[in-house]
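Let's take a friendly walk through this structure together.

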Amino acid sequence: PARMISFLCNHAEGLRAHQGFITINHLREACWIDLFEPSEEEELHVEHLLGLDLPNKDELRVLEESSRLHEHDGAVYLTALVVVNSESEYPRSDHLAFVLTRERLDTVRYASPKALALFAERAQRQPLLAANGESVLLGLVETLLERIALNIDTVGGDFDRLSHEVLNPEPVRRRRRPDHGAMLRRLELNQVLLARARASLSSLARLLGYVSRPALGFEFSRAFHKRTGVLLQNVQSLIDHTNFLAGNINFELSAILGMINIEQNAIIRIFSVAAVIFMPPTLVASVYGMNFEWMPELGWSKGYPMALGFMLLSALGTYWFFKRRGWL
């Protein structure tokens, strides 16, 4: 069933949240109605009560960019991308629709971003945060930005740890060999989360820019425009930070791939040196393995240990030469 949460204003007991079926009586005091996964019947019921055309799931997905922000019949229709499941291995983006009227804010969603639940709890403790539809809209946007900032900080912190693991100056023999495959997976997760955050920030920037337009027919308060300007600055700061972290992603990727190449080269070098070390002993063994009749050493009583000695000395001599040249 749909979860239609109504935040009631100007109530004797303060702001209260109701969940369930909504009636005409709720509309007199509700400043925010939130529709989560509404059925067709529930959506039609709310549209009839509000006198609005609310977007459904299919409409949210196929809306053109120019249709995501528009005015119609005294209401402002806004659609933004929000980050969902940011703490899981598969963060994704989903659409959140805002329908702002002079009486209230209505939201339609088919995902559960944590920002909405956080703002709902915060508004019940501080009723002024949901004094009207304008304040609810800006409060939700502000909470969404807080969640995005937290995600970006999480990515930045993991970058610092990942950089230390990749470029750890301690000798390999004193620590466990790093799992570069796991590092690449962590880097991919961070990149996906950062890309989702960047897309959400761009969407929220367009939303805030739209409601800040002087030509908009919907009249907002001066306090609304002032808060919108501050939020736009915050969005731009977060976008700049994501650009910085995107550069770190490229650096970390290059560093990890470089360390993989170094380890591969070290392994190949070991095999190459081992092959060269065993070449002189192989030569000695090949000489004395020839089946010629006249080979004086074959008749010596100490010929066998002499050949083994030659092979050992030739291997040690090659190893000493490589060691002295710094190739090992």
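Predicted model: local features only at pLDDT ≥ 70, side-chain atom pairs only at ≥ 80, totals over all residues.

Helices here are DSSP runs of H or I with at least four residues, numbered from the N terminus.

First, the overall view. The chain contains nine helices and seven strands. Of its 328 residues, 40% are buried. The accessible surface of the chain is about 19200 Å², and carbon and sulfur atoms account for 57% of that. If you look at contacts in the chain between residues at least 6 apart in sequence, 66% of them join residues at least 24 apart.

Strand 7 has strand 3 as one partner: the two run parallel and are joined by five bridges. Within that pairing, isoleucine 33 has aspartate 106 as its bridge partner. Strand 6 is also paired with strand 7, here antiparallel, again through five bridges. Phenylalanine 98 is found opposite threonine 107 of strand 7. Strands 6 and 7 form a hairpin, with four residues between them.

Another hairpin is made by strand 4 and strand 5, with two residues between them. Strand 4 covers residues 69-72 and strand 5 covers residues 75-84; they run antiparallel, joined by four bridges. Leucine 69 faces leucine 78 of strand 5. In the turn sits aspartate 73, whose phi is positive, at about 55 degrees.

Glutamate 37 is not a glycine, yet its phi is positive, at about 50 degrees. This residue lies in the loop between strand 3 (30-36) and helix 2 (40-50). Because its relative accessible area is 43%, glutamate 37 is partly exposed. Asparagine 85 likewise has a positive phi, near 60 degrees. Its place is the loop between strand 5 and strand 6 (92-100). At 42% relative accessibility, asparagine 85 counts as partly exposed.

Next come the helices. Two packed helices are described by the angle between their axes and the distance between the axes. Take helix 7 (residues 222-277) and helix 9 (residues 303-324): their axes come within 9 Å and cross at roughly 140 degrees, so helix 7 is oblique to helix 9. Val273, Val276 and Ile277 on helix 7 meet Ala315, Thr318, Tyr319 and Phe322 on helix 9. By class, this contact has six nonpolar residues, one polar residue and no charged ones.

Helix 7 also packs with helix 8 (residues 279-287), at an angle of about 30 degrees and with the axes 4 Å apart. Angles under 35 degrees count as roughly parallel, so helix 7 is roughly parallel to helix 8. Ala275, Val276 and Ile277 of helix 7 meet Met279, Pro280 and Pro281 of helix 8. The residues of this contact divide into six nonpolar, no polar and no charged.

Is threonine 228 buried or exposed? Its relative accessibility is 0%, so threonine 228 counts as buried. Leaving aside neighbours within four places in sequence, threonine 228 is in contact with Leu138, Leu208, Val211 and Ser212.

Our last stop is helix 5 (residues 133-166), where aspartate 160 is found. Its relative accessibility is 57%, and the cut-off for exposed is over 50%, so aspartate 160 counts as exposed. Not counting residues up to four places away in sequence, valine 166 touches Met183, Glu252, Ala255, Ile256 and Met259. The C-alpha atoms of valine 166 and aspartate 179, which are 13 residues apart along the chain, are separated by 9.5 Å.

Notes. Residues numbered from 1 in each chain as written. Heavy atoms only, no water. Buried < 20%, exposed > 50% of the residue type's maximum accessible area, 1.4 Å probe, protein only. Contact = heavy atoms within 4.5 Å. Areas by Shrake-Rupley, 256 points an atom, 1.4 Å probe, with all protein chains shown as cover. Pairing = 2+ DSSP bridges. Axes fitted to C-alpha atoms, helices over the stretch in contact; angles between N-to-C directions. Parallel < 35°, antiparallel > 145°, perpendicular 65-115°, else oblique. Nonpolar A, V, L, I, M, F, W, Y, C, P; charged D, E, K, R; others polar.
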